[in-house]
Amino acid sequence: MRNKISIIGAGFVGATAAHWCAVKELGDVVLVDVVEGMPQGKALDLLEAGPVENYDLHIVGSNNYQDTAGSDIVVVTAGLPRKPGMTREDLVVTNGNIIREVMENVVRHSPDAIVILVTNPLDTMVYLAKKVSGLPRERIIGQAGVLDSARMRAFMAMELDVSVENTHAFVLGGHGDEMVPLPRYSTVAGIPITELLPPDRIEAIVERTRKGGGEIVSLLKKGSAFFAPSAATMQMVEAILKDRKQILPCCVYLEGEYGLNDICFGVPVKLGSRGVEQIMEITLTDDERAAMHRSADLIRSSMAALEV
Ligand code: APR
């Protein structure tokens, strides 16, 4: 039997996620949105690309959660994106209301699904989704760290003029300007960038990574990034569906790990068929740990705006 992947929110991130899903033949796709006709139109368009691209899947669009019933994975991208000058936190109340409604419908129709959230402000939305859905922490995961690490890898490859394939990066913490890129754990062909670049160049890469989302928002002027966010999401979907046991930075509910409790936060996890199969606790320097806690403090102030 084929996997069933539902994507809630058929906007830029959702529709592009559906596209990666089809190209990688990860499973049948259901695209859901509140706008009538739009998810149906995008799904049909994507289906009609199948004969050219050689994928053979069911792809449907819908305004009805009944069509998502029995999904293996649900990706949630419903919600507003940022406009220039906005922080992700400015979206907390509006997107919070959308996430409440979406999660209620998702769990009603797919109680056993693994849910991946993309909607911003990410860490706060994952916390809200976990609380309103009651899902175990293994099955409610936020996408942010894979994207932030991909951005850092792209900047490292540009700086050193090497293949992105040679790069690995770890960006932990919250998905905001206080995210925590870790140069000591970011490597080129296995060599930490702290041995390859002077401190000022590393700081420039760290800063550009932190502001990576904002850089795209100000270039686009309308809407936010969607190619890299959806690609990052699909890496997580693939790791789960293929039980790859891949170590990726993901936003998960913490119960004491890294000295943090009752918060959703970006840490390295092992992703496999059961969702989050392990939370990895890597050693941090005092400075790195302090940066993690600063980032967590910001998320807690955003969480305070929600009544959960
Ligand atoms: N149920 C389903 N879909 C909804 C709902 C809802 N209650 N409310 C809004 N939507 C849909 C919108 O109709 C829109 O099609 O969510 C979609 C969002 O798409 P875009 O506006 O194109 O935004 P996008 O760029 O895809 O970003 C979505 O992901 O990266 C984050 O910050 C970003 O929070 C934003 C989200």
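With 308 residues, what radius of gyration does the protein have, and what would a compact globule have?

Reply: A compact globule of 308 residues would have a radius of gyration near 19 Å, and the protein has 19 Å, so the two agree. That radius is taken over C-alpha atoms, and the globule rule is 2.2 Å times the number of residues to the power 0.38. Keep in mind that this is a predicted model: local features need pLDDT of at least 70 and side-chain atom pairs count only at pLDDT 80 or more, while totals for chains, interfaces and linings use all residues. Residues are numbered from 1 along each chain as its sequence is written, and side-chain values use heavy atoms, with hydrogens and water left out.

The protein has ten helices and 14 strands (DSSP runs numbered from the N terminus: helices are H or I with at least four residues, strands E with at least two). Buried residues make up 54% of the 308; buried means under 20% relative accessible area, exposed over 50%, and partly exposed in between, with a 1.4 Å probe and protein chains only.

Now the salt bridges, meaning a side-chain nitrogen of Lys or Arg within 4 Å of a carboxyl oxygen of Asp or Glu. The count comes to 16.

One of them pairs Arg 201 with Glu 159, at 3.0 Å from N to O. Arg 201 sits in helix 7 (residues 199-210) and Glu 159 in helix 6 (residues 145-160), so this pair links distant parts of the chain, 42 residues apart. Arg 201 is partly exposed at 33% relative accessible area, and Glu 159 is partly exposed too, at 31%.

Another joins Arg 294 to Glu 178, with the closest N and O atoms 3.8 Å apart. Arg 294 belongs to helix 10 (residues 286-303), whereas Glu 178 is in the loop between strand 8 (171-172) and strand 9 (180-181), so the pair ties together parts 116 residues apart in sequence. Arg 294 is partly exposed, at 48%, and so is Glu 178, at 33%.

Then there's Lys 245 with Glu 277, at 2.8 Å from N to O. Lys 245 lies in the loop between helix 9 (227-241) and strand 12 (246-255), and Glu 277 in strand 14 (residues 275-279), so parts 32 residues apart in sequence are tied together. Lys 245 counts as partly exposed at 37%, but Glu 277 is buried at 18%. Both also belong to a network of salt bridges that links them with Asp 243 and Arg 274.
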